[in-house]
Amino acid sequence: MARIDLHLHTTYSDGSVPPAEVVSLAHKASVTALAITDHDIVDGIPEALEAGTQLGVEVIPGIEISSRWEEKETHILGYFLKWQDPELQKCLADHRISRHTRNPQIVEKLNKFGLSLTYDEVKAKGHSASIGRPHIAQVLVEKGYVNSVKEAFDRYLGVGGDAYIPRELPEAREAIDWIRKAGGVPVLAHPGWTKQKGEDLKKFCKKLKEAGLLGIEVFYSTHHPRQTSEYLGVARHLDLLVTGGSDFHGVTKPGIEVGIGRGNLKVPEKLLEPLKNAACF
Ligand code: AMP
Ligand code: ZN
Ligand code: FE
Ligand code: FE
């Protein structure tokens with residue numbers, strides 16, 4: 001049955017599948033429109049657009065920017081971006097510098113814990129521009145130090161892990177600004193991540209709206225139906241757009257498939273038009 005998927009990663013950030021193949025997987029899963037939303041980078045978009053034209057799938061230029069709101073990591077998705085905009089590209093390139101500072105520090109810390117790996121081995125796992133912790137996790141899995149990417153995050157890489165290093169992040173309002181200046185529609189990614197609910201979540205989303213946010217990612221692979229209905233309520237209450245996607249990463253997030261997430265995700269096609277109408281072309 002026809003569906004859309006507005007949250008997909010490729011090899012240009014920490015996904016394991018190249019853009020054209022992601023589009024092909026989407027096509028096979030009856031996805032009629034998809035958004036490529038790599039972390040902090042738009043370089044995978046042209047390959048996806050070309051594949052989309054060939055297969056007759058609509059490809060929306062997108063992004064997922066890692067930012068912070070009151071010291072908490074907050075991911076902002078952007079849709080229908082003028083992705084070639086030089087100002088946007090400059091902001092993203094500057095933002096990515098913090099990855100290149102942080103990643104070798106994480107590797108150094110792991111080495112101190114007796115885990116033998118080099119940053120070159122990590123870099124070989126992806127395109128050099130948007131290397132992240134999932135690439136480090138993959139190396140740890142391959143070397144047998146941990147059994148899964150999840151274990152790598154739990155023991156070493158995540159907040160509170162032995163080798164956790166914070167990363168300098170822009171404020172969420174800056175990320176929202178970059179997206180809007182490039183004509184795009186900024187949306188709060190996976191609100192379940194914030195672990196906020198009820199009035200706290202409403203207040204948080206209201207502040208983001210005041211900063212220029214236009215939507216919430218209501219449908220998401222790991223949202224419980226209760227969460228989905230709560231986020232739908234928040235979106236209606238605050239008059240925010242509703243979006244959804246799988247957050248597919250390939251092998252770096254096992255068990256999540258394009259278009260269907262863990263099997264029960266279905267993002268309705270009707271969400272696309274209001275999103276498109278909110279963009280500035
Ligand atoms: P980085 O961009 O280097 O800060 O890495 C963050 C990315 O790692 C997130 O966007 C997720 O894709 C992934 N990630 C974060 N926490 C976990 C976890 N506990 N298990 C697996 N992947 C995770
Ligand atoms: Zn990721
Ligand atoms: Fe995210
Ligand atoms: Fe994501």
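Histidine 249 counts as buried because its relative accessibility is 4%, where buried means under 20% relative accessible area, exposed over 50% and partly exposed in between (1.4 Å probe, protein chains only). Histidine 39 is likewise counted as buried, at 9% relative accessibility. The model is predicted, with local features needing pLDDT of at least 70 and side-chain atom pairs counting only at pLDDT 80 or more, while totals for chains, interfaces and linings use all residues. Residues are numbered from 1 along each chain as its sequence is written, chains are lettered from A and ligands numbered from 1 in the order in which they are written, and side-chain values use heavy atoms, with hydrogens and water left out.

Donors here are N, O and S atoms within 2.8 Å of the metal (3.2 Å for Na, K and Ca); water is not among the atoms, so sites may look incomplete. Helices (H or I, at least four residues) and strands (E, at least two) are DSSP runs, numbered from the N terminus.

For the iron ion, the protein donors are Glu64 (OE), His75 (ND1) and His190 (NE2), lying 2.0 to 2.2 Å away. Because glutamate 64 lies in strand 3 (residues 58–69) and histidine 75 in strand 4 (residues 72–79), the pair ties together parts 11 residues apart in sequence. Glutamate 64 and histidine 75 are both buried.

Ligand 1 is surrounded by residues that include Asp14, His39, His75 and His249, each having a heavy atom within 4 Å of the ligand. An oxygen atom of ligand 1 is 2.7 Å from a backbone N or O atom of arginine 133, and one lies 3.0 Å from a polar side-chain atom of arginine 99. Taken alone, ligand 1 exposes 500 Å², of which the protein buries 83%; such accessible areas come from the Shrake-Rupley method with a 1.4 Å probe.

Notes
A polar contact is a pair of N or O atoms within 3.5 Å; within protein, one must be able to donate a hydrogen and the other to accept it, and residues adjacent in sequence count only if both atoms are side-chain atoms.
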